[in-house]
Amino acid sequence: MRLLCVLQAICMAASFAVSAQALKTPPTTLQIGIKKKIPEEQCTIRSRDGDSLSMHYTGTLFETGDKFDSSVDRNQPLEFTLGTGRVIKGWDLGLKNMCIGEKRRLVIPPHLGYGANGMGSAIPGGSTLVFDVELVDIHRSNPDSPTTGQEKQEFVKPLNAPGLDFTSPIFLFSAVGVSALLVIVYLATKSGEKVKEEPKVDQTTEDSKKD
(Lines give C-alpha, C1' and ligand atoms only; values in the text may rest on other atoms or scores of the structure.)
Protein backbone atom coordinates (compact mmCIF):
# COMPACT_ATOMS: atom_id res chain seq x y z
CA MET A 1 0.00 0.00 0.00
CA ARG A 2 2.81 2.38 0.93
CA LEU A 3 4.64 1.53 -2.33
CA LEU A 4 1.47 2.30 -4.33
CA CYS A 5 1.18 5.74 -2.69
CA VAL A 6 4.82 6.48 -3.45
CA LEU A 7 4.35 5.50 -7.11
CA GLN A 8 1.24 7.70 -7.37
CA ALA A 9 3.13 10.65 -5.89
CA ILE A 10 5.99 10.15 -8.35
CA CYS A 11 3.56 9.99 -11.29
CA MET A 12 1.79 13.17 -10.16
CA ALA A 13 5.09 15.00 -9.76
CA ALA A 14 6.25 13.87 -13.21
CA SER A 15 2.94 14.95 -14.76
CA PHE A 16 3.19 18.37 -13.12
CA ALA A 17 6.76 18.78 -14.35
CA VAL A 18 5.74 17.90 -17.93
CA SER A 19 2.80 20.36 -17.78
CA ALA A 20 5.03 23.12 -16.42
CA GLN A 21 7.58 22.47 -19.15
CA ALA A 22 4.82 22.59 -21.81
CA LEU A 23 3.73 25.99 -20.55
CA LYS A 24 7.30 27.27 -21.01
CA THR A 25 7.49 26.09 -24.61
CA PRO A 26 6.61 28.88 -27.06
CA PRO A 27 3.83 27.88 -29.47
CA THR A 28 4.45 27.91 -33.20
CA THR A 29 0.86 28.82 -34.11
CA LEU A 30 -1.54 31.50 -32.93
CA GLN A 31 -3.26 30.54 -29.66
CA ILE A 32 -6.59 32.10 -28.66
CA GLY A 33 -8.35 31.73 -25.32
CA ILE A 34 -11.49 33.39 -23.98
CA LYS A 35 -11.07 35.06 -20.57
CA LYS A 36 -14.54 36.64 -20.47
CA LYS A 37 -17.41 35.37 -22.58
CA ILE A 38 -20.45 37.50 -23.39
CA PRO A 39 -23.86 35.74 -23.28
CA GLU A 40 -25.40 35.24 -26.73
CA GLU A 41 -28.46 37.36 -25.92
CA GLN A 42 -26.19 40.31 -25.13
CA CYS A 43 -23.96 39.92 -28.19
CA THR A 44 -25.76 41.94 -30.87
CA ILE A 45 -22.72 42.50 -33.08
CA ARG A 46 -19.43 40.64 -33.68
CA SER A 47 -16.16 42.02 -35.03
CA ARG A 48 -15.23 41.36 -38.64
CA ASP A 49 -12.79 42.64 -41.25
CA GLY A 50 -13.41 46.29 -42.10
CA ASP A 51 -14.75 47.19 -38.65
CA SER A 52 -13.13 50.00 -36.69
CA LEU A 53 -12.39 48.52 -33.28
CA SER A 54 -11.71 50.20 -29.96
CA MET A 55 -9.49 47.83 -28.00
CA HIS A 56 -7.84 47.74 -24.59
CA TYR A 57 -4.75 45.55 -24.32
CA THR A 58 -1.77 44.61 -22.20
CA GLY A 59 1.23 43.05 -23.93
CA THR A 60 3.85 40.87 -22.24
CA LEU A 61 6.75 38.72 -23.40
CA PHE A 62 6.02 34.99 -23.31
CA GLU A 63 9.52 34.02 -22.22
CA THR A 64 9.91 36.46 -19.30
CA GLY A 65 6.45 37.81 -18.55
CA ASP A 66 7.77 41.39 -18.80
CA LYS A 67 5.14 43.95 -19.78
CA PHE A 68 6.14 46.05 -22.80
CA ASP A 69 2.96 48.06 -23.43
CA SER A 70 -0.56 48.63 -22.09
CA SER A 71 -3.45 50.84 -23.16
CA VAL A 72 -4.98 50.19 -19.73
CA ASP A 73 -2.12 52.08 -18.06
CA ARG A 74 -2.82 55.06 -20.34
CA ASN A 75 -6.59 54.67 -19.91
CA GLN A 76 -6.98 55.11 -23.68
CA PRO A 77 -8.12 52.24 -25.93
CA LEU A 78 -6.37 51.70 -29.25
CA GLU A 79 -8.52 52.33 -32.34
CA PHE A 80 -7.79 50.65 -35.68
CA THR A 81 -9.48 48.94 -38.62
CA LEU A 82 -9.49 45.15 -38.46
CA GLY A 83 -8.13 43.11 -41.36
CA THR A 84 -6.27 45.93 -43.10
CA GLY A 85 -2.72 45.35 -41.86
CA ARG A 86 -2.80 48.29 -39.44
CA VAL A 87 -1.81 45.95 -36.61
CA ILE A 88 0.31 42.80 -36.41
CA LYS A 89 -1.03 39.72 -38.19
CA GLY A 90 -1.75 37.94 -34.91
CA TRP A 91 -4.24 40.68 -34.04
CA ASP A 92 -5.91 40.71 -37.45
CA LEU A 93 -6.49 36.97 -37.08
CA GLY A 94 -7.13 36.72 -33.35
CA LEU A 95 -9.66 39.54 -32.91
CA LYS A 96 -12.29 38.30 -35.38
CA ASN A 97 -15.81 37.43 -34.25
CA MET A 98 -15.53 39.14 -30.85
CA CYS A 99 -18.45 40.57 -28.89
CA ILE A 100 -18.26 44.00 -27.26
CA GLY A 101 -16.98 43.48 -23.71
CA GLU A 102 -15.37 40.13 -24.52
CA LYS A 103 -11.86 39.46 -23.22
CA ARG A 104 -9.32 37.18 -24.88
CA ARG A 105 -5.72 36.11 -24.45
CA LEU A 106 -3.66 35.89 -27.64
CA VAL A 107 -0.34 34.04 -27.67
CA ILE A 108 1.35 35.16 -30.88
CA PRO A 109 4.44 33.48 -32.38
CA PRO A 110 7.16 35.70 -33.92
CA HIS A 111 6.07 35.27 -37.57
CA LEU A 112 2.65 36.71 -36.67
CA GLY A 113 4.15 39.43 -34.46
CA TYR A 114 7.28 41.51 -34.98
CA GLY A 115 9.38 38.73 -36.51
CA ALA A 116 13.13 38.43 -36.27
CA ASN A 117 13.67 42.19 -35.99
CA GLY A 118 11.49 42.80 -32.94
CA MET A 119 10.31 46.29 -32.02
CA GLY A 120 12.73 48.67 -30.33
CA SER A 121 14.38 47.65 -27.10
CA ALA A 122 11.17 46.45 -25.44
CA ILE A 123 10.50 43.54 -27.84
CA PRO A 124 13.60 41.54 -28.83
CA GLY A 125 13.74 39.82 -32.21
CA GLY A 126 12.03 36.42 -32.35
CA SER A 127 9.80 37.15 -29.36
CA THR A 128 6.57 35.29 -28.70
CA LEU A 129 3.99 37.80 -27.48
CA VAL A 130 1.09 37.49 -25.06
CA PHE A 131 -1.76 39.99 -25.31
CA ASP A 132 -4.67 40.24 -22.90
CA VAL A 133 -7.29 42.15 -24.89
CA GLU A 134 -10.78 43.55 -24.34
CA LEU A 135 -13.08 44.75 -27.11
CA VAL A 136 -14.47 48.10 -25.96
CA ASP A 137 -16.53 49.05 -29.02
CA ILE A 138 -17.19 48.35 -32.71
CA HIS A 139 -17.77 51.07 -35.30
CA ARG A 140 -19.17 49.75 -38.59
CA SER A 141 -19.36 51.75 -41.81
CA ASN A 142 -22.38 49.76 -42.97
CA PRO A 143 -24.62 49.41 -39.92
CA ASP A 144 -27.48 48.04 -42.04
CA SER A 145 -25.69 44.68 -42.34
CA PRO A 146 -24.53 43.88 -38.79
CA THR A 147 -22.83 40.68 -37.75
CA THR A 148 -25.17 39.27 -35.14
CA GLY A 149 -25.19 36.28 -32.87
CA GLN A 150 -26.91 34.31 -35.68
CA GLU A 151 -23.55 34.25 -37.46
CA LYS A 152 -21.77 32.70 -34.50
CA GLN A 153 -18.49 30.99 -35.37
CA GLU A 154 -17.13 28.45 -32.90
CA PHE A 155 -13.48 28.83 -33.92
CA VAL A 156 -11.99 29.96 -30.62
CA LYS A 157 -9.91 27.17 -29.09
CA PRO A 158 -8.06 26.70 -25.78
CA LEU A 159 -4.60 28.20 -25.45
CA ASN A 160 -2.91 24.84 -26.05
CA ALA A 161 -4.84 24.00 -29.21
CA PRO A 162 -2.81 24.32 -32.43
CA GLY A 163 -4.01 26.50 -35.24
CA LEU A 164 -7.32 28.11 -36.09
CA ASP A 165 -10.33 27.03 -38.11
CA PHE A 166 -12.33 29.96 -39.42
CA THR A 167 -15.56 28.35 -40.58
CA SER A 168 -17.37 30.31 -43.27
CA PRO A 169 -20.80 31.52 -42.09
CA ILE A 170 -21.96 31.49 -45.73
CA PHE A 171 -21.20 27.78 -45.90
CA LEU A 172 -22.93 27.17 -42.58
CA PHE A 173 -26.10 28.96 -43.70
CA SER A 174 -26.07 27.14 -47.06
CA ALA A 175 -25.75 23.76 -45.34
CA VAL A 176 -28.58 24.56 -42.93
CA GLY A 177 -30.79 25.80 -45.78
CA VAL A 178 -30.23 22.67 -47.88
CA SER A 179 -30.93 20.43 -44.88
CA ALA A 180 -34.17 22.28 -44.14
CA LEU A 181 -35.24 22.02 -47.81
CA LEU A 182 -34.60 18.27 -47.85
CA VAL A 183 -36.71 17.83 -44.71
CA ILE A 184 -39.59 19.81 -46.28
CA VAL A 185 -39.44 17.79 -49.51
CA TYR A 186 -39.38 14.52 -47.54
CA LEU A 187 -42.41 15.50 -45.44
CA ALA A 188 -44.30 16.66 -48.54
CA THR A 189 -43.55 13.35 -50.29
CA LYS A 190 -44.75 11.31 -47.32
CA SER A 191 -47.92 13.41 -47.17
CA GLY A 192 -48.57 12.83 -50.88
CA GLU A 193 -48.14 9.10 -50.47
CA LYS A 194 -50.86 9.06 -47.83
CA VAL A 195 -53.27 10.94 -50.14
CA LYS A 196 -52.65 8.53 -53.04
CA GLU A 197 -53.37 5.39 -51.00
CA GLU A 198 -56.08 3.15 -52.48
CA PRO A 199 -59.44 3.66 -50.75
CA LYS A 200 -60.59 0.66 -48.76
CA VAL A 201 -63.49 -1.26 -50.35
CA ASP A 202 -66.40 -2.47 -48.28
CA GLN A 203 -66.26 -6.22 -48.95
CA THR A 204 -69.89 -6.70 -47.78
CA THR A 205 -71.16 -4.22 -50.37
CA GLU A 206 -69.18 -5.93 -53.15
CA ASP A 207 -70.57 -9.37 -52.23
CA SER A 208 -74.15 -8.05 -52.24
CA LYS A 209 -73.70 -6.67 -55.75
CA LYS A 210 -72.57 -10.13 -57.00
CA ASP A 211 -75.70 -11.77 -55.54
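Begin by selecting Tyr57, Phe68, Phe80, Trp91 and Phe131, which together form one aromatic cluster; rings of Phe, Tyr and Trp (its six-membered ring) pair if their centres lie within 6.5 Å, with planes under 30 degrees apart counted as stacked, over 60 as edge-to-face and the rest as tilted. This is a predicted model, in which local features need pLDDT of at least 70 and side-chain atom pairs count only at pLDDT 80 or more, while totals for chains, interfaces and linings use all residues. Residues are numbered from 1 along each chain as its sequence is written, and side-chain values use heavy atoms, with hydrogens and water left out.

The structure holds 5 aromatic pairs. Keep Phe68 and Phe131 on display: their ring centres are 5.6 Å apart and their planes at 85 degrees, so the pair is edge-to-face. Phe68 lies in strand β3 (residues 67–70) and Phe131 in strand β6 (residues 129–139), so the pair ties together parts that are 63 residues apart in sequence; strands (E, at least two residues) and helices (H or I, at least four) are DSSP runs, numbered from the N terminus. Both Phe68 and Phe131 are buried, meaning under 20% relative accessible area, with exposed over 50% and partly exposed in between (1.4 Å probe, protein chains only).

Next, select Cys43 and Cys99, which are joined by a disulfide with an S to S distance of 2.1 Å, the term denoting a pair of cysteine sulfur atoms within 2.5 Å. Cys43 lies in the loop between β1 (31–36) and β2 (52–61) and Cys99 in the loop between α3 (89–94) and β5 (103–108), so the pair ties together parts that are 56 residues apart in sequence.
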